[in-house]
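Here is a walk through a structure, from the fold of one chain to the contacts between two. Keep the sequence and the 3D view side by side as you read.

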Amino acid sequence: MKEANKVVLIGLRPWFPWPLCRWRWLTEPVPAERLAILRIGLAAVLLIDILCTYLPDAATFFGKGSLGAPELYRRIDPPPWSWDATQSDVRQLPDDIAKGGIFHRTLSRSWRWSLLDDVEDLRILQACLIAWAIAAGFLLVGLLTRFAALVVWLLTMSFAYLCGMIDNAGDQVRYIVALYLMLTPCGAAWSLDAWLRRRRGRLKGRACIYPWVLRLLFVQLVMIYWTNGLYKASGYDWRHGDSLYYVLGDLTLTRWSYAQFPTPYPLTQALTWMVLVWEVGFPLWVCPLWAWLAERLEGIGLDRPRFALWVLRHAPLIALCFGVAFHLGIALTMELGFFVPYMLCLYLPLLPVERWQRHDYVMDAIKGCSTRAYSA
Amino acid sequence: MNAMPRLRRLAYWLLRAGLGLFVLWQFVFLLGLNLCQVGHHYVDNVTGVGEAFPSLAAEDAAARQDPAKFEQITTRWTELTGQEQSWELFAPDVWYDIPFVAVEFRWQATPDGARSAAGLIAALAASQQLQTASAWLAAAPPAPVYLLSDNEPRDIHHYFRVGKFRLRRLEGHLDLDFYVPPDKSAEDMKDQWRQRVFERVRAQAAVMRAYLEWRWTRYHLQHPDRDTPKQIILYVRLYRVPPPGASPWTWEGPEVRPIARWRPHVRYVPGRPQVEVYDLIAGRFDVME
């Protein structure tokens, strides 16, 4: 194999107990581009978010006299984590174990934290917002990537808990992705860091990473839709097909007036049920059994109609494409801030981006090697 | 690897084990917390589930203790790492009532009738026609100023919205709806609504106060000649989406209801809510205990 075609594994390989260590889905390395595209997507959206919604309204949401004044949140939030409560728990641990309720003093407190907790000076907060934007820019181009990811996560968390009321589910997705990026070698590909390493001869071959972070993000994606679907299934409006009609009539959210573009009720009803079925069944739609089932059916001669077999084989892909269309529909009809772009970031690692570079041999190389070989 | 000093190798293996345990914990946490929350919701809110699982129905049931403990621990983990897991967009139900907040600045401490009376007395006291008008104007406080939320479309039948979603999120913590179930009338619901207004104001008094201060500061920057008003009132403006198929089709409303008031010249008792709540039944603002 040529040197340029060699697979170079970047990052720490997690130890898993048997049988998980044999599970290829969890252990088989993937091209680093899958993580790189997530990094680029998140950093780009975050940068726009900071520049468009945080910096212009900094005085409104942060600092003394603002809607996120520190003294305001001290009155609303539960008491924060403290050493005293923890020490008290440690002292009384034997008694608490006997009663079956350990660390209840510490656990009854909020563990939220912010590096900017008591900062009231708007100039300092604005400087931090600028630092946050710069870190997002570094993360985007992949310069000092790990450090930039760390700064992005620290400031994401810090601003999140300064004025938590202004965030939505999209921001929640951002916190999660930022955490994972900080813990992974997200600058292993498509970054200035990787380019510089290659120029200096310290990185040769195709970069691959261990897939655990992508698997966790996929499970997170599944849980987002599935739990949302289960909540929806318990509601009257979703079961009766009315939800989308009322959502489109919501004057607080919609991008334009329902009176301007009245959508036929039967259409909103059909779409409501489609979303409900898609979300409730999401774990089923994206599970890998469909291709296996299609093969079995084909094997026993049930290969007609061909289209049905194709749909069966591609059920996960169809479900994911529906998800993208669903989010684009939301972006078109509703003003939910950066919810849609952050959610779409979760789809980015599912794209076979390494194929766009015509480097199919990377995948072949990965498949040709055993997991044992990577640790050597 | 063989050349690696023993200590370094141990550290490497510990790191690998730590990462592996973190990944496994994340799987347990993601599945566990989300399913606990959904299960909790079903047992408490969905008719029939509590009856089907009587051992889970009571809040203090033994079978609920372990999931509750797990939920408590994982919730702390979400707070520490920023992985909140409440995925309830437009679920379980959507809203029929669409609330916006609005504020009013009033420069008179007394009701409108007294304001008119003050103006009338001043007018009567004046001897000439021209003086009458100017005396009335001088004695009467400025007319109230009523300001809509930046998020409320000025024409609900024609608008295009971009931005301001963070402010909307914050205002969403202040407003509330006044839902009327199909089998009840507004009159039947009044007591319940009153209770809800009290609960909302008690829970969000600090934010309401900050919001009212912020609205006044913003207005004052544009109108520096204005004195501090005697009262700043927070209203909810409610539009109602008509049922499907309604003809002619349009939103009902807005119904405008006051919910809280801040009097900038009044010193509120420290430690108590720094705004007053509107009592829908008595028709007046009350200081909260």
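Predicted model: local features only at pLDDT ≥ 70, side-chain atom pairs only at ≥ 80, totals over all residues.

The secondary structure of chain B comes to eight helices and six strands. Along the sequence they follow the pattern α-α-α-α-β-α-α-β-α-α-β-β-β-β. Chain B has 289 residues, and 43% of them count as buried.

Now look at strand β5 of chain B, residues 276–279. In a regular strand, side chains alternate between the two faces of the sheet. Here B:Glu276 and B:Tyr278 point one way, while B:Val277 and B:Asp279 point the other way. All four are buried. Strand β4 of chain B, residues 252–262, pairs with β5(B) in the antiparallel sense over two bridges. In that region, B:Ala260 stands opposite B:Val277. β5(B) also pairs with strand β6 of chain B, residues 284–287, again antiparallel, over four bridges. There, B:Asp279 has B:Arg284 as its bridge partner. The hairpin of β5(B) and β6(B) has four residues between the strands. In this hairpin, B:Gly283 takes a positive phi near 70°.

Chain A has an open sheet of three strands, in the order β1-β3-β2, with mixed pairing. The edges are β1 (7–10) and β2 (30–31) of chain A. Each has a single partner strand, so one side of each is left without a neighbour in the sheet. β2(A) runs antiparallel to β3 of chain A, residues 206–209, and two bridges join them. A:Pro31 stands opposite A:Cys208 in β3(A).

The side chains of A:Glu33 and A:Arg206 meet at 2.7 Å, N to O. A:Glu33 lies in helix α2 of chain A (residues 33–54) and A:Arg206 in strand β3 of chain A, so the pair ties together parts that are 173 residues apart in sequence.

Next comes A:Glu298, which takes part in two salt bridges. One is with A:Arg306, at 3.4 Å, N to O. The other is with A:Arg313, the closest N and O atoms being 2.7 Å apart.

Some salt bridges share partners. They join A:Asp49, A:Asp167, A:Asp171, A:Arg174 and B:Arg166 into one network. Over all chains, the structure holds 31 salt bridges.

How many residues does each chain give to the contact? Chain B gives 78 and chain A gives 91. The area buried between them is about 7800 Å², and carbon and sulfur atoms give 67% of it. Four salt bridges are found across the interface. One salt bridge joins B:Glu84 to A:Arg112, with the closest N and O atoms 2.9 Å apart. Polar contacts link 39 residue pairs between the chains, counting residues at pLDDT 80 or more. On the side of chain B that touches chain A, the elements that give two or more residues are α1 (6–45), α4 (65–81), β1 (97–106), α7 (165–171) and α8 (186–222) of chain B. α1(B) gives the most, with 20 residues. By class, this side has 49 nonpolar, 18 polar and eleven charged residues.

Finish at A:Trp111, in the loop between α7 (104–107) and α8 (122–141) of chain A. Its relative accessibility is 21%, so A:Trp111 counts as partly exposed. Leaving aside neighbours within four places in sequence, A:Trp111 is in contact with A:Trp81 and A:Thr106, and also with B:Arg76, B:Glu79 and B:Leu80. A polar atom of the A:Trp111 side chain lies 3.2 Å from the backbone oxygen of A:Thr106. A:Pro80 is 31 residues from A:Trp111 in sequence, yet their C-alpha atoms are 6.1 Å apart.

Definitions and conventions
Residues numbered from 1 in each chain as written. Chains lettered and ligands numbered in written order. Heavy atoms only, no water. Buried < 20%, exposed > 50% of the residue type's maximum accessible area, 1.4 Å probe, protein only. Pairing = 2+ DSSP bridges. Contact = heavy atoms within 4.5 Å. Polar contact = N/O pair within 3.5 Å; in protein donor to acceptor, adjacent residues only side chain to side chain. Buried area = accessible area lost by both parts, 1.4 Å probe. Nonpolar A, V, L, I, M, F, W, Y, C, P; charged D, E, K, R; others polar.
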